[in-house]
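Please walk through the model below one region at a time.

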Amino acid sequence: MILSPKKREQVLPLPVVLISTISKEGIRNAAPWSNITPILRPLEEIVLASWLKRDTLDNIRDVGEFVVNVPTADMAEAVKVCSINYPPETDEFEEANLGPRPSAKVMPPGIEGCLAWMECELVEEILREKFSLIVGRVVHMEADDRYFDEEGNMDFERAKPLSAILGNRGVKYTRPVGVGFEQRYSEMSLNNG
Ligand SMILES: Cc1cc2nc3c(=O)[nH]c(=O)nc-3n(C[C@H](O)[C@H](O)[C@H](O)COP(=O)(O)O)c2cc1C
């Protein structure tokens, strides 16, 4: 089967996060995001792609800070509510019944019930005709102890992070599962022996 190059995300399961921001008037916003990735391991920057008409983008430009909240699969319903394009003056925490979680280093609150929180500062905006790439630096990160061991490794089965396939007619929410196979970084080097 040949698929249109425009259907990239149908062959690529993506993470689903909730980005929380505040407007310059202090109105809280939360929006689901899948076009987001860390920029190489183990650096501190992330990049996200945004359509230009997004309150999230406006808020990041105005305030320079945002929180990447990692929701559990149980939060899919709240994620769905946050995907509605409410006007900028609507408090989306109230609409989706989200509990605010005070952030340590940035002004926007995180979202209670998520499994991890990345507090980010805007580093650079790469503006294109139809979209924008936001490069952010993670300045503080916390994770819920219930889902992580002392070294900060996620227990996948307990945490149930949310992912998605962006299909023809809409979003199919999924979650990644382990395949029972692990590899050490040292095994990627020919000189590991
Ligand atoms: C699973 C999912 C992933 C999404 N990913 C993105 C994304 O990567 N970039 C984007 O611009 N919009 C994305 N959206 C759409 C926004 O979440 C949606 O338009 C939202 O209403 C934007 O809210 P805002 O205007 O308050 O920022 C996604 C929506 C869903 C449901």
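Strand β6 has both faces covered: E65, V67 and N69 on one side, and F66, V68 and V70 on the other, are all buried. A residue counts as buried if 20 or more other C-beta atoms lie within 10 Å of its own, as exposed if 12 or fewer do, and as partly exposed in between, with C-beta atoms placed from the backbone. In a regular strand the side chains alternate between the two faces of the sheet. Over residues 65-70, six of the six residues of β6 are buried. Strands (E, at least two residues) and helices (H or I, at least four) are DSSP runs, numbered from the N terminus.

The model is predicted, and local features need a pLDDT of at least 70, side-chain atom pairs count only at pLDDT 80 or more, and totals for chains, interfaces and linings use all residues. Residues are numbered from 1 along each chain as its sequence is written. The pLDDT is the predictor's confidence in each residue, from 0 to 100. The chain averages 96, and 99% of the residues score at least 70. Among the elements of the chain, β6 has the highest mean pLDDT (99), and helix α4, residues 156-159, has the lowest (94).

Now follow the partners of β6. Two strands pair if DSSP finds at least two bridges between them. Strand β2 (residues 17-22) pairs with β6 in the antiparallel sense over three bridges, and S20 stands opposite V67 there. Strand β9 (residues 116-127) is also antiparallel to β6, with six bridges. In this pairing E119 of β9 is the bridge partner of V67, and E121 of β9 stands opposite E65. Strand β9 is in turn joined by 11 bridges to the antiparallel strand β10, residues 131-143. M118 has M141 of β10 as its bridge partner, and three residues lie between the two strands of this β9-β10 hairpin.

A separate description covers three other strands. They form an open sheet in the order β1-β11-β12, with antiparallel pairing. Its edge strands are β1 (14-15) and β12 (171-174), each of which pairs on one side only. Two bridges join β1 to β11, residues 163-166, and P15 has S163 of β11 as its bridge partner.

Next comes the core. A nonpolar core is a set of buried Ala, Val, Leu, Ile, Met, Phe, Trp, Tyr and Cys residues joined through C-beta atoms within 7 Å. The largest one has 32 residues, of which L18 and A30 touch the most other members. Elements that give two or more residues to this core are β2, β3, α1, β6, α2 (76-82) and β9. Contact between two residues requires their C-beta atoms, placed from the backbone, to lie within 7 Å. Leaving aside neighbours within four places in sequence, L18 has contacts that include A30, A31, N69, V79 and I111.

Which residues come nearest to the ligand? Of the 18 residues around it, these are A31, N35, D55, T56 and S83. A residue is near a molecule or strand if its C-beta atom, placed from the backbone, lies within 6 Å of it. The shell around the ligand draws at least two residues from each of β3 (28-33), β5 (45-51) and α1 (55-63), and β3 gives the most, with four. By class, the shell has nine nonpolar, seven polar and two charged residues. Here Ala, Val, Leu, Ile, Met, Phe, Trp, Tyr, Cys and Pro count as nonpolar, Asp, Glu, Lys and Arg as charged, and the others, Gly among them, as polar.

A31 is found in strand β3 and is buried, because 23 other C-beta atoms lie within 10 Å. Not counting residues up to four places away in sequence, A31 touches L18, I19, R54, T56 and C82. In α1, the residues D55, T56, L57, N59 and I60 are buried. What covers the buried residues of α1 includes β2, β3, β5, β6, β9 and β10. Just after α1, G64 takes a positive phi of about 80°.

The remaining points concern backbone geometry in loops. L40 and P42 lie in the loop between β4 (36-38) and β5. The peptide bond from R41 to P42 is cis, with omega near 0°. L40 is not a glycine, yet has a positive phi of about 60°; L40 is exposed because 7 other C-beta atoms lie within 10 Å. K160, in the loop between α4 and β11, also has a positive phi, near 50°. K160 counts as partly exposed because there are 17 C-beta neighbours inside 10 Å.
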